[in-house]
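Below is a short briefing on one protein model. It covers salt bridges, helix packing and confidence.

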Amino acid sequence: MPTTTHPPKHVVREYLARRARDSKPPPTPEEIRRQLGWGMLMADFKVVTTRS
């Protein structure tokens, strides 16, 4: 099982502050991960989503 590394708290707070000012609907979880840099931290971890 891969070890998940989370972004620093200050990065998440800055992201949430930017999102609070934005009037658009929230992005997808994949886009949030990309914006927070999780793609670089979780290079070996692939997210599989299923849609019904």
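In this predicted model, the side chains of Asp22 and Arg19 form a salt bridge, with N and O 3.2 Å apart. The count of salt bridges in the model comes to two. The other topics are the packing of helix 1 against helix 2 and the confidence along the protein chain.

- Arg19 is part of helix 1, which covers residues 9-21.
- Arg19 has a relative accessibility of 18% and counts as buried, because the cut-off for buried is under 20%.
- Asp22, its salt-bridge partner, is partly exposed at 31% relative accessibility, a value that lies between the 20% and 50% cut-offs.
- Apart from neighbours within four places in sequence, Arg19 contacts Lys24, Pro25, Pro26 and Pro27.

**Arg34 and Glu31**
- A salt bridge also joins Arg34 to Glu31, and here the closest N and O atoms are 2.6 Å apart.
- Both residues belong to helix 2 (residues 29-36), where Arg34 and Glu31 are three residues apart, about one turn of the helix.
- Arg34 has a relative accessible area of 55% and is therefore exposed, the cut-off being over 50%.
- Glu31 is partly exposed, with a relative accessibility of 24%.

**Packing of helix 1 and helix 2**
- Two packed helices are described by the angle between their axes and by the distance between those axes.
- For helix 1 and helix 2, the angle is about 125 degrees and the axes are 10 Å apart.
- On the helix 1 side, the contact is made by Val11, Val12 and Tyr15; on the helix 2 side, by Ile32, Gln35 and Leu36.
- The crossing of helix 1 past helix 2 is right-handed.

**Confidence**
- The mean pLDDT of the protein chain is 77, and 67% of the residues reach at least 70.
- Confidence is highest in helix 1, at a mean of 90, the helix that holds Arg19.
- Confidence is lowest in helix 3 (residues 38-41), where the mean is 64.

Technical notes:
Residues are numbered from 1 along each chain as its sequence is written. This is a predicted model: local features need pLDDT of at least 70, side-chain atom pairs count only at pLDDT 80 or more; totals for chains, interfaces and linings use all residues. Side-chain values use heavy atoms; hydrogens and water are left out. Helices (H or I, at least four residues) and strands (E, at least two) are DSSP runs, numbered from the N terminus. Buried means under 20% relative accessible area, exposed over 50%, partly exposed in between (1.4 Å probe, protein chains only). Contact means heavy atoms within 4.5 Å. pLDDT is the predictor's confidence in each residue, from 0 to 100. A salt bridge is a side-chain nitrogen of Lys or Arg within 4 Å of a carboxyl oxygen of Asp or Glu. Axes are lines fitted to C-alpha atoms, for helices over the stretch in contact, and angles run from 0 to 180 degrees between N-to-C directions. A crossing is left-handed if the near helix is turned anticlockwise from the far one by less than a right angle, and right-handed if clockwise.
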